[in-house]
Amino acid sequence: MMMWFIVAIVYVAGDNYYTRMQEPFQTKELCEKFYQTNMAVRDDVMKLYPNQTGHTLVCLTEEQVQELIKEVRKTGEQV
């Protein structure tokens with residue numbers, strides 16, 4: 001079964017940081033509904049990156065997360 005994870009893409013002083021939340025979801029819809037209705041997710045991102053200029057939350061599969069990590073490492077950004 002494919003599992004979905006919330007991934008925060010955070011913008012800080014011209015750099016991008018990527019953080020995967022640990023809690024998996026069984027569907028993309030459940031994942032999206034969780035971060036859309038649970039302000040604690042956004043609050044956690046704000047606490048982790050207090051100097052951010054903005055962030056985006058998306059839901060990705062583990063395979064997509066691994067592909068993102070490969071691409072990010074090529075650019076030298078933070079995972």
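A: Cys59 has a relative accessibility of 5% and therefore counts as buried; the term buried means under 20% relative accessible area, exposed means over 50%, and partly exposed lies in between, with a 1.4 Å probe and protein chains only. The model is predicted, so local features need a pLDDT of at least 70 and side-chain atom pairs count only at pLDDT 80 or more, whereas totals for chains, interfaces and linings use all residues. Residues are numbered from 1 along each chain as its sequence is written, and side-chain values use heavy atoms, with hydrogens and water left out.

Cys59 is joined to Cys31 by a disulfide, with 2.1 Å from S to S. In this model a disulfide is a pair of cysteine sulfur atoms within 2.5 Å. In general, a disulfide is a covalent bond between the sulfur atoms of two cysteines. The structure holds 1 disulfide. Because the torsion about the S-S bond of Cys31 and Cys59 is about -95°, this disulfide is left-handed. Cys31 is in helix α1 (residues 28-37) and Cys59 is in strand β3 (residues 54-61), so the bond ties together parts that are 28 residues apart in sequence. Helices (H or I, at least four residues) and strands (E, at least two) are DSSP runs, numbered from the N terminus. Cys31 is also buried, with a relative accessible area of 0%.

Thr61 belongs to strand β3 as well. With 7% relative accessibility, Thr61 counts as buried. When residues up to four places away in sequence are not counted, Thr61 touches Met2, Met3 and Trp4; a contact requires heavy atoms within 4.5 Å.

The partner of β3 is β1: the two strands pair in the antiparallel sense over 8 bridges. Two strands pair if DSSP finds at least two bridges between them. Within this pairing, Ile9 stands opposite Thr56 in β3. Strand β1 (residues 4-12) is also joined to β2 by 6 bridges, and β1 and β2 run antiparallel. Val7 has Arg20 in β2 as its bridge partner, while the partner of Val10 in β2 is Tyr17. Since 8 of the 9 residues of β1 are buried, this strand is largely enclosed by the rest of the structure.

The hairpin of β1 and β2 has 2 residues between the strands, and in this hairpin Ala13 takes a positive phi near 45°. Asp15 lies in strand β2 (residues 15-20). At 42% relative accessibility, Asp15 is partly exposed. The C-alpha atoms of Asp15 and Leu30 are 29 Å apart, although 15 residues separate the two along the chain.

Helix α3 packs against these strands: its buried residues are in contact with β1, β2 and β3. These buried residues are Val65, Ile69 and Val72. They cover an arc of only 70° around the axis, which puts them on the same side of α3; the arc is that of the directions from the helix axis to the C-beta atoms. Glu63 and Lys74 are exposed on the other side of α3. The helix (residues 62-75) has 14 residues and reaches 20 Å from its first C-alpha to its last, close to the 20 Å expected at 1.5 Å a residue. The expected span is 1.5 Å times one less than the number of residues in the helix.

These parts may now be placed in the whole. The protein has 3 helices and 3 strands, and from the N terminus on its elements run β-β-α-α-β-α. Of its 79 residues, 34% count as buried. Among the contacts with a separation of 6 or more, 59% come from residues 24 or more positions apart. The C-alpha atoms fill a box of roughly 35 × 30 × 15 Å, taken along the principal axes. A compact globule with 79 residues would have a radius of gyration near 12 Å, and the 13 Å of the protein agrees with this. That radius is taken over C-alpha atoms, and the globule rule is 2.2 Å times the number of residues to the power 0.38.
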